[in-house]
Amino acid sequence: MAKLPKPSELSQISLTPPPKPWMDIVTEMRQGMYCHGAKGKNLAALELPNARDFKVADEDWQIPDDWRETVLNGIKERLEKFRTFHVFMDICVRCGACADKCHFFLGSGDPKNMPVLRAELLRSIYRKYFTTAGKIFGKTAGARELDIQALKEIWYYYFQCTECRRCSLFCPYGIDQAEITIIGRELLNLLGLNIDWIAGPAANCYRKGNHLGLEPHTIKSSIEFFLSDLEDITGISIEPTFNRKGAEILFVTPSGDLFADPGTYTAMGYLMLFHELGLDYTWSTYASEGGNFGFFTSMNMAKRLNYKIYAEAKRLGVKWILGGECGHMWRVVHQYMDTFNGPADFLEVPKSPITGTVFESAKSTKMVHVVEFTADLIKHNKLNLDPTRNDHLKVTFHDSCNTSRGMGFLEEPRYVIKSVCNHFYEMPEDTIREKTFCCGSGSGLNASENMELRMRGGFPRANAVRHVHEKHGVNMLANICAIDRAALPALMDYWVPGVKVTGTHELVGNALVMKGEKERTVDLRNEPIPGRAAAEEGGETDV
Amino acid sequence: MTLPHILEAEKKAIVDRWFALILATYPADAAQFFRSGSSFTNPVGQSISQGIDDIFDGLLAGAEPETFRPFLDSIIRIRAVQDFTASQAVIFIFHLKTAIRERCLGRIRAEGMLQELLLMESRIDELAVMAFDIFMRCREKLYDLKANELKDRTLWLLKRTGFLTEVEDMPEQTAGCGTNVKQTKEVH
């Protein structure tokens, strides 16, 4: 039996961590902070190298003997290919402006979660092998050897970055840590070092068309289930079409909205809205994923998965594409799609068939955000809305990182929410719009096994929600992102019980007065609407 | 002169020292940062700072044990998801004893109030026990969240694909009940 320390010895333990330079502090991989390693079958399906099962807790990650050369050649190739990456490796003056802007650092206090230090993990390798000063002066010049410990440390911390870009907003040089993380993950993927929460969905998307691996008949039956519920709730029978050639619009949304609550209620909102408008649109069971977990693997994988949207648009002969509520989907569409797979000359510049508005912002990609589309409808008074149906909700809005910082999409969601809800409260200024705090689960980190990571990373966001919950009684957190809808319920459950999570089009669906509908007594969750359910039971009503 | 009077007079020194001892459980770079900022730009530092201030005031006022639960929760909920073991997460309670002794022991001894100090320290020990309960509840919550996410996903799929069905509501049984809403969807 181990010798127990005496109380007098215990009291002598120093509480202050040793003041070692960061390079000398060995990273301990803590369970709860990382996701499971990628499965071989998923890597193989994506034709990624070194396809084999690997366990993070194992000492041996089964990487090829020449792994060091592979990584260094990978860095060299990307330095030549991406000017941004080269500049980001050289230009940082370590001013520290980014240090306290990362939600993972704010929640953990782990210095290696400071964006500057997270970048330094890779930058130190760059210095050692690609700069004269680093080659000659080594550690003194901030350079270090690429050994297995350094590789594992990069893996650990590059899968603790949600690519949210909040840090880049504050960097005087505009260094984009998300781009560095993207490159870092590309390098890790050269050795088969992905996480399964990313590789699995990406493989599913490549083979089946969506992250969840839903096959065409499952997608159809899932939507039919919503239709059955909608008929119960509204009395209206909705008949959407699937894979219909010649439709004017192809609608693409994250598959999460077809599979898990509360995203499913958002999908029901879409169905109601499009039916009410009589929109000539179709769902696709092939391009059945708006999200793109390839984006969290490599640029090439993002391009490959994104291509199916254009390919399907071409096959069906639609005029333009309407996209659902998602985060990273829109960063890919807005910033990469046209370069990846454009120009989509076979499509037309999107034009709303209801209002005649031409969406100039989508002139190149031919893909419009559904919230922009709906905001335009409301602006032109084309929807009959009854916001009092949402009067039992006190709503705040969480800006998704990708739509706010990635495409400047700030006003439209607020305009829509305020049009369908009477009680809206903003969170504090430092936590919304461009400065929004990440949900803590983006960029493929919304697995369950890394719950501690998600909770600490999401704390700054939850803390701001708690503020409006306590001050204004906010009980609903609205968003326009499928990962938010999947991840925020757990975050609220831990930090701010009593606050639920909703997509914006669920709120629209609840407020939408449809032609020929029966009196609404329940909302899209099949929960009684306060003050209206009583009418059904013969009580008083305020309708 | 009573012990609370002495502690009240030295409140700032004691709470500052207590805060410093807690921050010393974090890496130096983080500890420096946790001292600054607002409750939105530095939620961890501010939550700890506010939490210990409330705990200290509660002790001086002789508050009921349950009064301390939200104050302790605001700190422990954070430490339960940080890189701490159970003992490291709750040890900060005992640092209050250290801070009081360091700042006031001489005066307390001079005033002949060692007995009162022991009673106060016993109350702090009670808080430590309560802190451990809160820590365990937070950890259990984390495991619940993990399990529920998996369960919800699986159940949803099984129901939608028809592999799993539930007993339908019987109209004659639901009549007269508070609600007769058809339960077709899982509601969170």
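Helix α2 (residues 11-23) of chain B packs against α4(B) at an angle of about 135°, and the two axes lie 10 Å apart. That angle makes α2(B) oblique to α4(B). The crossing of α2(B) and α4(B) is right-handed. The model behind these values is predicted.

Look at who makes this contact. From α2(B) come B:Lys11, B:Val15, B:Trp18, B:Phe19 and B:Ile22. From α4(B) come B:Ile48, B:Ser49, B:Ile52, B:Asp53 and B:Phe56. By class, the contact of α2(B) with α4(B) holds seven nonpolar, one polar and two charged residues. An α-helix has 3.6 residues a turn, so residues three or four places apart point the same way.

Now take chain B as a whole. Chain B has nine helices and zero strands. Read from the N terminus, its elements run α-α-α-α-α-α-α-α-α. Of the 188 residues of chain B, 30% count as buried. Consider the contacts in chain B with a separation of 6 or more. Residues 24 or more positions apart account for 71% of them.

Chain B also meets chain A. In this pairing, 38 residues of chain B contact 44 residues of chain A. Which elements give two or more residues to the side of chain B that touches chain A? They are α3 (28-34), α4 (43-61) and α8 (114-160) of chain B. α8(B) gives the most to this side, with 10 residues. The residues on the side of chain B that touches chain A divide into 19 nonpolar, eight polar and 11 charged.

One residue of chain A links the two chains in the contact list. A:Glu452 lies in helix α19 (residues 451-457) of chain A. Is A:Glu452 buried or exposed? A:Glu452 counts as buried, because it has 22 C-beta neighbours inside 10 Å. The cut-off for burial is 20 or more. Residues up to four places away in sequence aside, A:Glu452 touches A:Gly32 and A:Met33, and also B:Val81 and B:Leu142. A:Thr181 is 271 residues from A:Glu452 along the chain, and their C-alpha atoms are separated by 21 Å.

Next comes the largest nonpolar core. This core has 199 residues, and A:Leu491 and A:Met492 touch the most other members. Helix α21 (residues 482-495) of chain A gives the largest share of the core, 10 residues. A:Met492 has contacts beyond its neighbours within four places in sequence: A:Ala462, A:Val465, A:Leu477, A:Val499 and A:Val501.

Finish with helix α16 (residues 370-379) of chain A. This helix is mostly covered, with seven of its 10 residues buried. Which residues of α16(A) are buried? They are A:Val370, A:Val371, A:Glu372, A:Phe373, A:Thr374, A:Asp376 and A:Leu377. What covers the buried residues of α16(A) includes helices and strands of chain A. The helices are α13 (263-277), α18 (411-420) and α22 (504-511). The strands are β3 (320-323) and β4 (367-369). Just after α16(A), A:Asn381 takes a positive phi of about 60°.

Technical notes. Residues are numbered from 1 along each chain as its sequence is written. Chains are lettered from A and ligands numbered from 1 in the order in which they are written. This is a predicted model: local features need pLDDT of at least 70, side-chain atom pairs count only at pLDDT 80 or more; totals for chains, interfaces and linings use all residues. Two residues are in contact if their C-beta atoms, placed from the backbone, lie within 7 Å. Helices (H or I, at least four residues) and strands (E, at least two) are DSSP runs, numbered from the N terminus. Ala, Val, Leu, Ile, Met, Phe, Trp, Tyr, Cys and Pro count as nonpolar, Asp, Glu, Lys and Arg as charged, and the others, Gly among them, as polar. A residue is buried if 20 or more other C-beta atoms lie within 10 Å of its own, exposed if 12 or fewer, and partly exposed in between; C-beta atoms are placed from the backbone. A nonpolar core is a set of buried Ala, Val, Leu, Ile, Met, Phe, Trp, Tyr and Cys residues joined through C-beta atoms within 7 Å. Axes are lines fitted to C-alpha atoms, for helices over the stretch in contact, and angles run from 0 to 180 degrees between N-to-C directions. Angles under 35 degrees count as roughly parallel, over 145 as roughly antiparallel, 65 to 115 as roughly perpendicular and the rest as oblique. A crossing is left-handed if the near helix is turned anticlockwise from the far one by less than a right angle, and right-handed if clockwise.
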